[in-house]
Structure formats: C-alpha cells, structure tokens
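Dear colleague,

Please find the structure below, handed over for your records.

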Amino acid sequence: MRLMRIGEPGHERPVLAAADGTRHYDLRGVTADIDGAFLAELTRDPSVVPDPSALPETGIEGERIGAPVARPSAVLCIGQNYAAHAAESGAEPPEWPILFYKSPNTVVGPYDEVFIPRGSRTTDWEVELAVVIGRRARYLDSPDDALAHIAGYTIANDVSERTYQREESGGQWSKGKSCETFNPLGPVLVTPDEVPDPQDLALRSWVNGEPRQDSNTSDMIFSVAHLVHHLSQYLVLEPGDVINTGTPQGVAMSGRFPYLAAGDVMELEIAGLGRQRSPLRAAPSS
C-alpha cells in the first residue's frame, strides 16, 4: 500500500493512495496520523487498513503533500554508502557504515521550499532511499531479521551544507546536515509488499531540469538489511524512525556541478516510489 499525509504543516490527514495515483482514500477512520504508533500496528497486522472499497474516497488536488511520516523521533543517515560517491568525495569506501544524525525537524514535504542557509555557498543535493522503521529493533540476530522490522520505503533528499559539514564541523557532520528544511521526504510511504527488492531501485536527481545523479540501489556498499541489523547493535530503532541509506555519485561536492542557489529547483525520483520537487530560496530573516 501507498500512504500519504495531506494538508498544511501540523494539520495533515492520513490518506491511502491507489497504486496508479489516480484515487485517494481517507484513513481518518483508521488512524489520526501516519506516526510511529500506527506504523507499528500496521507492521504487525497489515489488515488494520481495510480494502479501499471500505474507505471513503477523498480528493487531494491543490492541497499540500506533507512528509509521509509524522514526527520521526530520529533521522539516522549513512554516509558514503555508494563506492562511486565515496570516490568523488575523496575517500576510500568505508569498512563500517558511517552514521550521522539529522535533527528530526529538518523533515519537510516533498514539494516544500528548501532554505539556503545564511551565507551558504556550498549547499548540495543528495537523492536517497529512505527506510522507515515499523517494529522496534534492538540487537537483531542477523540481517535476515531486518526486513521484517521495516514499515516502508520513501524518497529522502539529504540536503547538505558542505562548508558546515567539512570545514566547520570539528570532525562531525551534523552541522552541515541539520539546517532547517534539509530533509524533504516523500511523497508516499510504500509498504514492503510493493518493494520486493530494495536493492534494485533506480534513483535519479536533477537540478533545474539538468541530470545530476543516475544510479541504482544495487550499488550500495551496505544493503538495507545490513544497515538495519548493524544499527540495531548500537542503538534502538523505534517505529517511525527514518534511515537515509546514502547517496550515489553526482553531487556538487564532486566539483562537476555548481552548488545550489536561491531560485534553483531540485527534483528527485526513485523507481516505484514517486518523485519530489523542491524549489530553493534564501532562508528567511525571521
């Protein structure tokens, strides 16, 4: 199934989308929101969402599409998880997954504006497969156990300010990752039954209509299952948590493309998960 949140920030309503995107169904009789509690229930028992024929149809035309997950308690990110991206960053492929955090309040909708931080000249884009946790995961025995703990998949843009990340970081990356609006998410959360192989998804990005990234999740160094298992050895993954699984080559940090500026438009796409479009503008003064 394909889950969405529709409405203005703080007032989104849960919606079930038809596979072809032509019809939408109101889920407010099932849950107040698509949050950790609902995703835990859904992962235990997918039948909590009835057949669309039992749900009222709703229109969404002209309405804002919000992030498909409400209030994640954590946004965990994996760095340099594609070998070609590690190379363009000037690094060897990592031996262990590189973990950093983004503030959860960076999460915005897939068509919301993204703010260029004050004085920034090195704001960058990163298309990523995002994994949303549906079952509490701690000390999983093996990667084979990991996929059963996933509620679904969506698109994330791990927007980054490279000067904050690399030169003003003191060795940690989160300064360059946690600026406001720096994690567009969505448009839909697609449950695992519709994503038979998360390691075979084409992902692409564009800036102002010009191609930037073009790769496949098969090129990940650490697979989705490996990441969920690995992270569960160091922390507790809770329902609703988001894992950004890394970006492929083709970012501005490579030196092949200019960094982002106000007025630019980022577009991201992952096969089967939809497409997002984020216009950029200068961060407001207040």
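In strand S16, Ser215 is the bridge partner of Leu203. Please bear in mind that the model is predicted.

That pair belongs to the pairing of strand S15 (residues 202–207) with strand S16 (residues 210–216); the two strands run antiparallel and are joined by six bridges. Together S15 and S16 form a hairpin, with two residues between them. In the turn, Asn208 has a positive phi of about 55°.

The largest pocket has a volume of about 220 Å³. Its lining comprises 16 residues, and those closest to the pocket centre are Arg5, Gly10, Glu12, Arg71 and Val107. Sorted by class, the lining of the largest pocket holds seven nonpolar, five charged and four polar residues.

Helix H3 provides the largest share of the lining of the second largest pocket, namely three residues. By class, the lining of the second largest pocket divides into seven polar, six charged and four nonpolar residues.

With kind regards

Notes:
Residues numbered from 1 in each chain as written. Predicted model: local features only at pLDDT ≥ 70, side-chain atom pairs only at ≥ 80, totals over all residues. Heavy atoms only, no water. 1 Å grid on protein atoms, 1.4 Å probe; cavity = no way out; pocket = protein on both sides within 12 Å on 5 of 7 lines; lining within 4 Å. Points joined across faces, edges and corners; volume = space filled by probe spheres on them. Nonpolar A, V, L, I, M, F, W, Y, C, P; charged D, E, K, R; others polar. Helix = DSSP H or I, 4+ residues; strand = E, 2+ residues; numbered from the N terminus. Pairing = 2+ DSSP bridges.
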